[in-house]
Amino acid sequence: MAAKKNKTSFFCTSCGYQCAKWLGKCPGCNEWDTMQEAPTEASPTETHETPQMVAAITELGEVAQPIPISAIDESEQPRQSTGIGEFDRVLGGGVVTGSVVLVGGDPGIGKSTLLLQVLDQLSTPGQTTLYVSGEESPVQSKMRSRRMGINNDELYFLAASGIEEIIKHFRQLKPKTLVIDSIQTCHSPEIKSPPGTTSQVRQSAAHLVKIAKLTNTPIFIIGHVTKDGAIAGPKLLEHMVDTVLYFESDTQYPYRILRAVKNRFGSTNEIGVFEMTGSGLIGVESPSSIFLNERPQNLAGSLVSATIEGTRPILTEIQALVSTAVSGGIPRRTTLGIDRNRAALMIAIMEKRLRLNFSNKDIFLNIVGGLKIIEPAIDLALIAAILSSHLDQIIPTTTIVIGEVGLTGEIRRVNMIEQRLSEALKFGFKKIIVPQGNLSSSPTSNKDCIKEISTLQELAAALFS
Ligand code: TYD
Ligand code: MG
């Protein structure tokens with residue numbers, strides 16, 4: 001008789017989609033090249049939690065009972081400030097008791113650094129916290145904390161990766177906050193597959209969520225984003241946790257941007273801006289100042305626009321480079337920090353409305369500093385940057401351009417214009433180009449600075465005069 005073969009399936013390392021054969025593109029999340037072969041997920045009878053695990057977890061706290069919604073006391077969900085303003089901002093005002101926060105990002109971006117700093121802030125006498133690491137030894141962690149000037153008696157470190165072991169120490173120490181670094185190293189005894197596989201990551205996270213809810217303890221889970229597909233990424237867990245934060249950065253800059261993509265307890269459009277320094281991450285309260293910091297003076301193809309992130313206006317530099325394309329080749333359209341389709345649209349509008357021909361031109365667009373901008377209020381600035389590079393004409397450094405552009409080339413008003421305007425004035429901009437009528441509802445005392453325009457022809461005239 002043939003030996004019983006171990007059954008395998010293909011799993012998407014990004015979203016967990018399972019199928020019998022390999023596919024180049026995952027039908028679940030449309031990512032390319034994320035399918036990995038792994039032992040088939042155990043059948044429901046095999047994955048059911050072992051009695052030991054159920055007992056270990058339920059002993060941690062009381063199992064919920066149904067109660068009338070009118071009787072629920074909201075004050076039982078207080079928020080605690082983490083003492084790090086930029087982190088609180090992204091969380092929606094602080095960490096909510098019993099919530100599970102997933103912090104994702106590329107390896108080396110600063111996840112461990114940030115959460116060690118957060119725990120240090122949250123550890124006060126009587127408020128013990130626990131940092132569980134499956135990635136670093138106590139000595140490695142000590143080296144990191146010394147570098148960051150952290151030496152806190154209430155901040156405990158545990159080098160462990162087994163969920164059972166974590167629960168055991170959790171029960172003894174009763175920490176007020178728990179950090180798990182990282183979910184890819186965690187393993188739960190009832191799953192046979194190795195740590196980092198989709199089923200292990202899911203099961204371990206499910207246990208952690210239960211612990212958080214039963215004991216009302218906030219838990220931060222670190223997850224590495226893995227494009228190469230070796231291990232299951234944080235996308236797999238997005239639906240299980242309360243809040244999902246992602247760290248973004250452009251590796252050539254020391255700035256890190258923390259963005260909420262899901263938040264059951266707050267808005268998802270606030271970002272936190274940090275700078276990685278020799279002694280950890282430092283919150284940047286005025287991001288405009290860093291994004292404008294190393295701005296070149298008087299060069300064609302560069303200008304500033306004002307974007308809104310959540311409730312905060314941020315001034316950023318936009319750069320364009322228009323150069324002659326290889327003859328006969330397809331002209332290149334490369335963007336960094338801007339949606340490629342949006343850029344293509346602006347280029348098409350310029351060709352049609354300004355009668356320019358870019359078919360033999362390569363066009364590169366970049367948002368300096370690593371910010372990603374999706375709002376259309378920078379449309380007009382994209383056009384201005386391309387125009388400046390194309391004509392090789394300098395836009396004065398004290399000019400700022402704000403406005404959305406429609407398909408017919410019409411310049412459309414943008415929201416929160418007052419905030420954008422006041423940030424621009426704060427940073428000493430002398431000419432502020434805005435859509436016609438955008439400011440009508442808010443008369444401003446700085447009329448001299450404002451130049452209202454309604455067509456792209458007027459833009460060209462206003463930019464270079
Ligand atoms: P880390 O927090 O270990 O990243 P992650 O947990 O996301 O993998 O950060 C690692 C990088 O940060 C590493 O390249 C060194 C750098 N770093 C500093 O620049 N300053 C510091 O104070 C610390 C602790 C790290
Ligand atoms: Mg780390």
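Helix 4 (111–122), helix 5 (138–147) and strand 13 (271–277) each contribute at least two residues to the shell around ligand 1. Helices (H or I, at least four residues) and strands (E, at least two) are DSSP runs counted from the N terminus. The model is a predicted one, in which local features need pLDDT of at least 70 and side-chain atom pairs count only at pLDDT 80 or more, while totals for chains, interfaces and linings use all residues. Residues are numbered from 1 along each chain as its sequence is written, chains are lettered from A and ligands numbered from 1 in the order in which they are written, and side-chain values use heavy atoms, with hydrogens and water left out.

Helix 4 supplies the largest share of the ligand 1 shell, with 3 residues. Of the 16 residues around this ligand, G108, S112, T113, T277 and G280 come nearest; a residue is near a molecule if one of its heavy atoms lies within 4 Å of it. The side chain of T113 places an N or O atom 2.5 Å from an oxygen atom of ligand 1. A backbone N or O atom of G108 lies 2.7 Å from a ligand oxygen atom, and a polar backbone atom of G110 is 3.0 Å from an oxygen atom of ligand 1. Taken alone, ligand 1 exposes 550 Å², and the protein buries 76% of that (Shrake-Rupley areas, 1.4 Å probe).

Turning to the rings, the structure holds 4 aromatic pairs. Rings of Phe, Tyr and Trp (its six-membered ring) pair if their centres lie within 6.5 Å; planes under 30 degrees apart count as stacked, over 60 as edge-to-face and the rest as tilted. One of these pairs, Y131 with F157, is stacked, at 6.1 Å centre to centre and 15 degrees between the planes. This pair links distant parts of the chain, with Y131 in strand 7 (residues 129–133) and F157 in strand 8 (residues 155–159), 26 residues apart. Y131 is buried at 2% relative accessible area, whereas F157 is partly exposed at 27%; buried means under 20%, exposed over 50% and partly exposed in between (1.4 Å probe, protein chains only). The ring centres of Y255 and F291 are 6.2 Å apart and their planes meet at 75 degrees, so this pair is edge-to-face. Here too the pair links distant parts of the chain: Y255 belongs to strand 12 (residues 255–263) and F291 to helix 8 (residues 287–291), 36 residues apart. Y255 is buried at 7% relative accessibility, and F291 is buried at 2%.

Helix 12 (residues 456–464) has L456, L459, A462 and L463 as its buried residues. Seen down the helix axis, these residues fall within an arc of 115 degrees, so they line one face of helix 12; the arc is taken from the directions from the axis to the C-beta atoms. Their packing partners include helix 9 (340–353), helix 10 (379–391) and strand 22 (431–435), with contact meaning heavy atoms within 4.5 Å.

D181 and S182 are joined by a cis peptide bond, with omega about 5 degrees, and S182 sits in the loop between strand 9 (177–181) and helix 7 (198–215). D392 is not a glycine, yet has a positive phi of about 55 degrees. D392 lies in the loop between helix 10 and strand 19 and is exposed, at 61% relative accessible area.

Conventions: A polar contact is a pair of N or O atoms within 3.5 Å; within protein, one must be able to donate a hydrogen and the other to accept it, and residues adjacent in sequence count only if both atoms are side-chain atoms.
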